[in-house]
Amino acid sequence: MIKVVDNFLDKKEFKNIKDVICSSEFPFYFNDSITDNKDPLGYYYFTHMFYYAPDVRSKYFDTFIKPITDKLEAKNLIRVKGNLYTNQNKFIEHPQHIDYDFKHKGAIYCLNTCNGYTAFKGINVDSVFNRMILFDPSEIHNSTTTTDKLIRLNINFNYE
């Protein structure tokens, strides 16, 4: 089951998060594969690990992530990471995958509007700023790049 919540955060909270994460000072790190499988050459993105169980991995966690996980009523975090997909001058639908092979909760928080989306068994959910997409990440899904903006930017939550 997929649930879409638009205007997830109030305007001020959203602007605070976006202003920092979209700044030239925010650290994103290159990954040469989108999934844990060996992706085709050229499938890459940049990430920022906020949390990877059992540890906070980012100084931005308390300020930006904790209020979101509180609103999600997350009892146990597994992983929280920022995803930055660049415009590669062609639209790429990434390989289907699952995040973990056990039932848990997942959420994708969109920080910008673009023509990218997340696909869930034939249902495409567009990237729209301040949109939260709730789903089961142990089910097949996949991401895409964007061609109408410089980047597609979201935060991915895995939790119980």
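Predicted model: local features only at pLDDT ≥ 70, side-chain atom pairs only at ≥ 80, totals over all residues.

I started with lysine 121, which counts as exposed at 60% relative accessibility.

I looked up lysine 121 for its backbone angle: phi is near 45°, a positive value in a residue other than glycine. Lysine 121 sits in the loop between strand E7 (117-120) and strand E8 (123-126).

Next I checked asparagine 7, which isn't a glycine either but has a positive phi of about 50°. I found asparagine 7 in the loop between strand E1 (3-5) and helix H1 (11-21). Is asparagine 7 buried or exposed? Its relative accessible area is 58%, and the cut-off for exposed is over 50%, so asparagine 7 goes down as exposed.

Then I went through the peptide bonds. The one from alanine 53 to proline 54 is cis, and I noted omega near 10°. Proline 54 belongs to the loop between strand E3 (45-52) and strand E4 (55-56).

**Arginine 79**

Where does arginine 79 lie? I traced it to strand E5, residues 77-86. Its relative accessible area is 13%, and buried means under 20%, so I logged arginine 79 as buried.

I also listed what arginine 79 touches, skipping neighbours within four places in sequence. The contacts are Met49, Tyr51, Tyr52, Asp99, Tyr100, Asn156, Phe157 and Asn158.

**Cores**

How many residues does the largest nonpolar core have? I got 26, and the ones with the most contacts inside it are Ile21, Phe50, Ile68, Tyr109, Ile155 and Phe157. I then asked which elements give two or more residues to this core: they are H1, E3, helix H2 (61-72), E5, strand E6 (105-110) and strand E10 (151-159). H2 supplies the largest share of the core, 5 residues.

Phe157 had already turned up in my contact list for arginine 79. I followed up on isoleucine 21 too: beyond its neighbours within four places in sequence, it is in contact with Phe26, Phe28, Phe50, Leu111, Leu153 and Ile155.

Last entry: there is a second, separate core of 6 residues, and I jotted down Cys110, Phe120, Val125 and Ile133 as being among them.

Methods
Residues numbered from 1 in each chain as written. Heavy atoms only, no water. Helix = DSSP H or I, 4+ residues; strand = E, 2+ residues; numbered from the N terminus. Buried < 20%, exposed > 50% of the residue type's maximum accessible area, 1.4 Å probe, protein only. Contact = heavy atoms within 4.5 Å. Core = buried A, V, L, I, M, F, W, Y, C linked by side-chain atoms within 4.5 Å.
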